[in-house]
Amino acid sequence: MRLWANYLTAHLIQFHLHDHSIVYSMTREILANLKGTRFQKIELATLQLQSLALIGLRKSGSLSPPADNTDPVQAVLARAAELAGSMGYGFEQARALYASGVEYAGQSSWPQALEQFQLAVQLADSAASPELATAIRESIVQIHTIQGDAPATSEVLQEIESQLVEEGGGDELALNMLA
């Protein structure tokens with residue numbers, strides 16, 4: 001019970017006070033307390049929250065690179081994706097991979113971003129999450145557009161169109177075509 005209470009406190013601080021440093025410290029403590037336990041749901045939720053705190057620290061310029069040159073954001077997102085996959089939570093795994101791709105894209109690491117997005121879109125499709133799948137595909141389109149790869153861009157846009165038509169999202173498709 002105490003672990004969930006600590007997690008909820010960190011969650012409130014993240015989303016109401018936006019103090020990424022405190023949230024990062026709290027999530028590190030929660031994860032340390034979870035060692036040797038089987039509370040995978042708390043661990044997954046804490047990893048997801050920790051990744052948000054690390055992303056916030058990076059964006060504010062407060063995240064100093066570690067001595068071993070590993071990216072702490074990518075390390076936490078990889079752990080979250082792996083844990084979600086082992087728990088059978090395809091949607092959560094897709095979200096972690098998508099966040100990883102977004103971070104790679106933010107660093108202009110296009111091949112790594114595309115790789116993460118491809119894995120994420122497959123999981124989002126199999127988890128029956130059309131909104132997430134569309135968002136991921138839109139990110140893929142952005143990268144292909146930046147790279148000037150018109151055939152790949154067209155292919156992904158056709159996938160988005162097919163997905164919207166299958167879902168009965170003709171209105172959204174029409175609005176997107178007008179924009």
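In the predicted model, the largest nonpolar core comprises 46 residues, and those with the most contacts inside this core are Ile-136 and Ile-143. Two or more residues are given to the core by each of helix H1 (2-17), helix H2 (20-34), helix H3 (40-60), helix H4 (72-87), helix H5 (90-106), helix H6 (110-126), helix H7 (130-147) and H8. The most is given by H3, which supplies 9 residues. When neighbours within four places in sequence are set aside, the contacts of Ile-143 are Ala-105, Trp-110, Ala-113, Leu-114 and Phe-117.

Accordingly, the order of elements from the N terminus on reads α-α-α-α-α-α-α-α-α. Taken along the principal axes, the box filled by the C-alpha atoms is roughly 50 × 35 × 30 Å. Of the 179 residues in the protein, 39% are buried. Among contacts between residues at least 6 apart in sequence, 51% join residues at least 24 apart.

After H6 comes Ala-128, for which phi is positive, near 55°.

Trp-110, which lies in helix H6, touches Ala-105, Ile-143, Ile-146 and Gln-147 when residues up to four places away in sequence are not counted. Trp-110 and His-144 are separated by 34 residues in sequence, with a C-alpha to C-alpha distance of 8.9 Å in space.

A pair of aromatic rings is described by the distance of the centres and the angle of the planes. The structure holds 2 such pairs. In one of them, the ring centres of Trp-4 and Tyr-7 are 5.6 Å apart and the ring planes stand at 85°, so the arrangement is edge-to-face. Both residues of this pair lie in helix H1, 3 residues apart, or about one turn of the helix. An α-helix has 3.6 residues a turn, so residues three or four places apart point the same way. Trp-4 is partly exposed, its relative accessible area being 34%, whereas Tyr-7, at 11%, is buried. The rings of Tyr-98 and Phe-117 have their centres 5.7 Å apart and their planes at 45°, so this pair is classed as tilted. The pair links distant parts of the chain, with Tyr-98 in helix H5 and Phe-117 in helix H6, 19 residues apart. Phe-117 has a relative accessible area of 1% and is therefore buried, the cut-off for burial being under 20%.

Apart from neighbours within four places in sequence, Asp-71 is in contact with Arg-58 and Gln-107.

Helix H8 (residues 150-166) has 17 residues, which should span 24 Å at 1.5 Å a residue; the end C-alpha atoms of H8 are 24 Å apart, in agreement with that value. Burial in H8 involves Ala-152, Thr-153, Val-156, Ile-160, Gln-163 and Leu-164. Viewed down the axis of H8, these buried residues fall within an arc of 115°, so they line one face of the helix. The face turned away from the buried side carries the exposed residues Ala-150, Pro-151, Val-165 and Glu-166. At the start of H8, a side-chain oxygen of Asp-149 comes to within 3.3 Å of the backbone nitrogen of Ala-152. Just after H8, a positive phi of about 80° is taken by Gly-168.

Conventions
Residues are numbered from 1 along each chain as its sequence is written. This is a predicted model: local features need pLDDT of at least 70, side-chain atom pairs count only at pLDDT 80 or more; totals for chains, interfaces and linings use all residues. Side-chain values use heavy atoms; hydrogens and water are left out. Helices (H or I, at least four residues) and strands (E, at least two) are DSSP runs, numbered from the N terminus. The expected span of a helix is 1.5 Å times one less than its number of residues. Buried means under 20% relative accessible area, exposed over 50%, partly exposed in between (1.4 Å probe, protein chains only). The arc is that of the directions from the helix axis to the C-beta atoms. A polar contact is a pair of N or O atoms within 3.5 Å; within protein, one must be able to donate a hydrogen and the other to accept it, and residues adjacent in sequence count only if both atoms are side-chain atoms. A nonpolar core is a set of buried Ala, Val, Leu, Ile, Met, Phe, Trp, Tyr and Cys residues joined through side-chain atoms within 4.5 Å. Contact means heavy atoms within 4.5 Å. Rings of Phe, Tyr and Trp (its six-membered ring) pair if their centres lie within 6.5 Å; planes under 30 degrees apart count as stacked, over 60 as edge-to-face and the rest as tilted.
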